[in-house]
Amino acid sequence: MKIVLVGASGDIGKAVARELGQRHTVIPAGRNSGEIVDIRSLDSVRALLSRVGPIDAIVSTAGKSHFGPLASMGPAEFAIGLNDKLMGQVNLVIAGQSALADGGSITLTSGILSERPIRSGSGTSMVNGAIEAFVRAAAVELPRGLKINAVSPSLLIESEERYRGSFPGFKPVAAADVALAYVRSIEGGQTGQIYQVF
């Protein structure tokens, strides 16, 4: 398969690229490396997919959201995750419908905070929950046998040091284990699924 991987330079993206690269052609993309794309812009996403030509799968491990105490969160802080992690990934679906081969797949990324919130994580919990609801709904309507799923990982072992103290009592997972959920989404037959790795 020919797979576009947005967010290929992050901890999860690197692990997904290693795993999928053993069997498929992986085209890395992101804001600062690989094929350059800003997923917040539908035009940028369409330009990326036009450049890389016919593809079999789109994977997103990209997207930012704002962490902060609820009392400090206003529309601008919530909008970071809404415009970036949520609508950025939705843009990949909007543009991807016409770029993917019949039976192709799209895999988005949510996260454990959709179900297990933490202090200062309300913006991310909101966005992750919205991504999962969108995936379930889009699966009902995608044409030509296209599949869509999301992977919901926990805190990574590889990034535990950066988030020390923010996830009390959470068991970190290895990025390599998370990568297997993306393989399941792409190479498996299911659609509308949320693959939890926690």
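Helices (H or I, at least four residues) and strands (E, at least two) are DSSP runs, numbered from the N terminus. The model is predicted: local features need pLDDT of at least 70, side-chain atom pairs count only at pLDDT 80 or more, and totals for chains, interfaces and linings use all residues. Residues are numbered from 1 along each chain as its sequence is written, and side-chain values use heavy atoms, with hydrogens and water left out.

**View A. Surroundings of Ser154.** Ser154 lies in the loop between strand 6 and helix 5 (175–187). With a relative accessible area of 7%, Ser154 is buried (under 20%; exposed is over 50%, partly exposed in between; 1.4 Å probe, protein chains only). Leaving aside residues up to four places away in sequence, Ser154 touches Ile112, Phe170, Lys171, Val173, Val197 and Phe198, where contact means heavy atoms within 4.5 Å. Ser154 and Ile112 are 42 residues apart in sequence, and their C-alpha atoms are 5.1 Å apart in space.

View B. The open sheet has 7 strands in the order 3-2-1-4-5-6-7, with parallel pairing; two strands pair if DSSP finds at least two bridges between them. Strand 3 (35–36) and strand 7 (194–197) are the edge strands, each pairing on one side only. Strand 5 (residues 100–109) and strand 6 (residues 147–153) run parallel and are joined by 5 bridges. Ile106 has Ile148 of strand 6 as its bridge partner. Helix 3 (residues 75–99) packs on the sheet and touches strand 1 (2–6), strand 4 (55–60), strand 5 and strand 6. The direction of helix 3 makes about 175° with that of strand 5; axes are lines fitted to C-alpha atoms, for helices over the stretch in contact, and angles run from 0 to 180 degrees between N-to-C directions. Helix 4 (residues 122–141) also packs on the sheet, touching strand 5, strand 6 and strand 7, and its direction makes about 160° with that of strand 6.

View C. A search of the whole structure finds 2 aromatic pairs. The ring centres of Tyr163 and Phe167 are 6.2 Å apart with planes at 85°, so this pair is edge-to-face. Rings of Phe, Tyr and Trp (its six-membered ring) pair if their centres lie within 6.5 Å; planes under 30 degrees apart count as stacked, over 60 as edge-to-face and the rest as tilted. Tyr163 is partly exposed at 35% relative accessibility, whereas Phe167 is buried at 12%. Phe167 and Phe170 also form an edge-to-face pair, with ring centres 5.3 Å apart and planes at 85°. These ring pairs link Tyr163, Phe167 and Phe170 into a cluster.

**View D. The largest pocket.** The volume of the largest pocket is about 990 Å³. On a 1 Å grid over the protein atoms alone, a pocket is an open set of points where a 1.4 Å probe fits, with protein on both sides within 12 Å along at least five of seven lines; lining residues have an atom within 4 Å of a point. Grid points are joined across faces, edges and corners, and a volume is the space filled by probe spheres set on the points. Of the 38 lining residues, Ile12, Thr61, Ala62, Gly63 and Tyr163 are the closest to the pocket centre. Helix 1 (11–21) gives the most to the lining, with 3 residues.
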